[in-house]
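Here are a few notes to read with the model open beside you. Take them one at a time and find each spot as you go.

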Amino acid sequence: MGTLTVLLFAIICGSTPLKSSTASAGNPAGWRLVWSDEFNGSTGSAVDSTKWSFDIGGNGWGNNELETYTSRTANAHLEDGSLVINAIKETFTGADKISRNYTSARLLTKNKFSQAYGRFEARIRIPYGQGMWPAFWLLGANINTAHWPNCGEIDIMENIGKEPAIVHGTFHGPGYSGSGGVSAAYNLPNSQKFSDDFHTFAVEWEPNVIRFYVDGLLYKTRTPADLPASTSWVFDHPFFIILNVAVGGGWPGNPDATTVFPQQMQVDYVRVYQRAT
């Protein structure tokens, strides 16, 4: 189709440019959409409370993180068809009466939506810079009784700011948690940075297999054979979704003079599928 034809078509149809590459709302082959948030509310509004709640507070979250998580729209709101999680450098005193130097947000679907097995997918533009730690991940819905790591954790996408071209897909369970998690990395080619554009991150999770994807490319398949000896596969029950941006911590290290604030993670959508058959 010629350039003029494309332009005329756009004018006639009243279309506007989409964020980055066009995202298809069609179901991936073999999957059926069962839950989603397209984040299409009015700019500046809060997230849908029927789908998301917030973890609130600080105390490092087991990782020596520096932020206080809040439920303020300053830290999480809708904007131009995306969820924006805003990490801000500011002095803030949370409900624990402790002042910290950063705020951010951590959204979760706990007690609102969880599912065992399926395709969990999100289209995200991550923040950048030393000390930034964005993530899209799943936790076992039985965490209150089984506790972590026995409940299981599936990290669909994690990035640390010092590695702008790398994301990690990891799972954790009893005997393979923390730095001992079973992990794989995906590298963007040609010196690209994940913060420069939206990318699609997904897992396909089925009995005894988890497959990790970036932009539709399968980069790692995991099965119980990948577990350390004498440990158990705990990915056989419902998990809920988490989206967050941490600041600092043992893995990414802390921000330094090169880190620019505020930093944003933009989430175009989150979609969850079940096998169609």
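**Notes on the strands and one loop**

1. Start with strand β8 (residues 118-125): seven of its eight residues are buried, so the strand is largely enclosed by the rest of the structure. Buried means under 20% relative accessible area, exposed over 50%, and partly exposed in between (1.4 Å probe, protein chains only). Strands here are DSSP runs (E, at least two residues), numbered from the N terminus.

2. Before going on: this is a predicted model, where local features need pLDDT of at least 70 and side-chain atom pairs count only at pLDDT 80 or more, while totals for chains, interfaces and linings use all residues. Residues are numbered from 1 along each chain as its sequence is written, and side-chain values use heavy atoms, with hydrogens and water left out.

3. Who pairs with β8? Two strands pair if DSSP finds at least two bridges between them. β8 runs antiparallel to strand β13 (residues 199-206), with seven bridges, and Arg 119 has Glu 204 as its bridge partner there. Seven bridges also link β8 to strand β17 (residues 263-275), again antiparallel; in β17, Arg 119 is partnered by Tyr 273.

4. Now look at the open sheet of seven strands, ordered β2-β7-β16-β9-β10-β11-β12 with antiparallel pairing. β2 (53-54) and β12 (182-187) are at the edges with a single partner strand each, so one side of each has no neighbour in the sheet. Within this sheet, five bridges join β9 (residues 132-140) to β10 (residues 153-158), and Leu 138 sits opposite Ile 154 in β10.

5. Last stop: Thr 223, in the loop between β15 (217-222) and β16 (239-247). Thr 223 is partly exposed, at 26% relative accessible area.

Notes
Helices (H or I, at least four residues) and strands (E, at least two) are DSSP runs, numbered from the N terminus.
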